[in-house]
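Have a look at the structure first, then read on.

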Amino acid sequence: MRRYFGRKLLIYGLTFFVAVTINWMIPRFMPGDPVQSMLSRANVAQPAAVEAMRAHYTAMFGFDLPLWQQYLNFWGSLLKGDLGISIWLFPTPVSDVIIRAVPYTLGLLIPSILLSWFAGNRFGAFAARRKWLDNSVLPVGYVLTATPYMWLAILLAWALGILAGVFPVAGAYGFDMQPSLSWDFLGSLAQHWFLPFASLFLVAFGGWAIGMRNMIIYELEADYVNYLRALGAPMRLVRRYAFRNAILPQVTGLALQLGVLVAGALVTEIVFSYPGLGHLILQAIQNQDFFLLQGTFLFIVIGVLIANFIIDIAYVLVDPRTRTGMGGAA
Amino acid sequence: MALNVTDLRVYYRTLRGEVKALDGVTFSVADGEIMGLAGESGSGKSTLAKSLIRLDGRMRHVGGTVELDGRTMPLSDDIGMDRFRFREVSLIPQYSMSALNPTRKIGKMVGELLDSRGERPDRAELERRLELVGLSKDVLDRYPIELSGGMKQRVVMVVSTLLNPSLLIADEVTSALDVSSQKAVATTLLGFRDRGLVTSMMVVTHDISLVYQIADTIMVMYAGRLAEKAPADVLVTAPRHPYTKQLISALPEVGVRYEDRRLTGIPGNPPSLLKPPGGCRFRERCPLAFDQCAEQPPFAEVAPGHFVACWKAE
């Protein structure tokens, strides 16, 4: 057990290191100059003042140092918990900007991932034993899971937002509101939350339902099912066993899908101008905000790694076979 | 009479038509009898074994009746058959190694199975039976993955016989085992009968020399029909059907040096059961075939307890 988790932690550590390094590299190899864009925003006419400001900003962000020095400084301040200062929202620290956005992203992601997983598995198992359902509804599942997140998001925004006018299509709450703990505000929050949530939920739901349907059909052909049936065990017991065994690959699937779902959430947020991390990434790119981009990516990497680790632990708990196979490949 | 099978026909549905895997078999198994059922692949022996407990999706009960202890079994009624399964007729499957749910502890699985059949799990009896096959009660707290193949097989043997069935079907139970385990399994089966845990037994195998050690009678099938049924030693020492004769002569014998004399096989192949030829199905490969073989010979009793389907069996 200890060896297994030791190995897992080593792999996660390595992944973290590589991912953070890439996060650091990406903004620096993007075309454009963040200091230049800050200067043009400042709108200063005198060339001497511009030069002075340029020197000041460059030194402040450390762009005058050689790249390797910048890289080491980056790790140094990262370990101290300092993510730098946002260029876009200068002089707000990046961590503050991210912490403001995180609740919105988590509020979208966690319900859509868990609910789609739960409902998709239930529905898939249910459809697997009804021919008419299998023939009529599952093709819809295939279409759903093949739909790109942002395309479904645009479709939903157009149909339910613009045409039907039932749901708002932008923002996390009404533009005329200030965040507060009133029913009005919460209602508006829920209303704005629904469409981005639905587009994430539907795409993932289709995928889980199809996966589960296939797994159940496979499990119902398994030897242990044939044996139970030969001993006259009722379908109720057989289905319970089949469901429980079919869910195992779906747990692995959840770990694999997590990254895709996060990416989906990011583009969905952009479609709905939802003020989460995806929205931040877009702004950071548009404003050449190295530090914000790094910080947001870092946060996503940590989130995905933690979620994967939790799933690893859960898998060990639900499948006895992994417990005995722990000496093997991790 | 424990088991009476009359003119049983079970066909497989395929895209190219019906495969007549079991085409009119009539026989009976007495109380306390261990019957070996032998034949090559595709002879219909596994189909017969499955038919008596659970038809799979492609199998169709076309005709004939099966009576167990005087009650007719509704073969094609999957729900009606549940009354017989486990209590009256039980199965040790070919796939014993994978017959247990991999994610349930064995004791828990057995408890849930008994519960679902409305039986009260009797832990002490279960432990006693495990002891009988040489397993400690610890296996009940293990997952199947933690057991060796032989242990899993013994667990399955215990589970299958837990409700003292009237008929136990052992389907190719020794095929995947090494010789010493084969011997142990055969002895265990014999012990089940001798202790009265099961009344009669049908041991399906392609290994006549193994079944000969435990069976009272042996029945040989060929191409979906019965060829011969006789007391075990009679069938092995004095077979009457030409197919059985050739089958027995193809077995190696103790004391014979096969450097000098090559073992012979039976030339030719069994016929396709999609459109089987009329008359005796062994005709094509039979050295004794003559004109009358175009007509199907009856499965007739030529001596007490010795049935042969051959015109030249007298």
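## Domains

Into which domains is chain B divided? This is a predicted model, and in it chain B splits into domain 1, made of 3-88 plus 166-278, and domain 2, which covers 100-164. Taken over C-alpha atoms, the centres of domain 1 of chain B and domain 2 of chain B sit 27 Å apart.

Where the two meet, ten residues of domain 1 of chain B are in contact with nine residues of domain 2 of chain B. On the domain 1 side of chain B, helix α6 (residues 179-194) of chain B puts in the largest share, four residues.

## What the record says

UniProt has an unreviewed entry here: it lists residues 3-248 of chain B under "domain: ABC transporter". Over that stretch of chain B, 33% is helix and 28% is strand. The C-alpha atoms at the ends of residues 3-248 of chain B are 27 Å apart.

## The sheet

Chain B has an open sheet of eight strands with mixed pairing, and the strand order reads β6-β7-β8-β3-β9-β10-β12-β11. At the edges stand β6 (89-92) and β11 (300-303) of chain B; each has a single partner strand, so one side of each is left without a neighbour in the sheet. From one strand to the next, the twist averages 25°.

Let's zoom in on β6(B). Strand β7 (residues 167-171) of chain B runs parallel to β6(B), and four bridges join the two. As for who pairs with whom, Val89(B) has Leu167(B) in β7(B) as its bridge partner.

## Helices across the strands

Helix α5 (residues 149-160) of chain B lies across β6 and β7 of chain B, and its direction is at about 180° to β6(B). Elsewhere, helix α9 (residues 242-249) of chain B lies across β9 (217-222) and β10 (225-231) of chain B, running at about 105° to β9(B).

Technical notes:
Residues are numbered from 1 along each chain as its sequence is written. Chains are lettered from A and ligands numbered from 1 in the order in which they are written. This is a predicted model: local features need pLDDT of at least 70, side-chain atom pairs count only at pLDDT 80 or more; totals for chains, interfaces and linings use all residues. Two strands pair if DSSP finds at least two bridges between them. Axes are lines fitted to C-alpha atoms, for helices over the stretch in contact, and angles run from 0 to 180 degrees between N-to-C directions. Two residues are in contact if their C-beta atoms, placed from the backbone, lie within 7 Å. UniProt positions are given in the numbering used here, feature names are shortened, and annotations may be inferred rather than shown by experiment. Domain bounds come from an automatic or database domain assignment.
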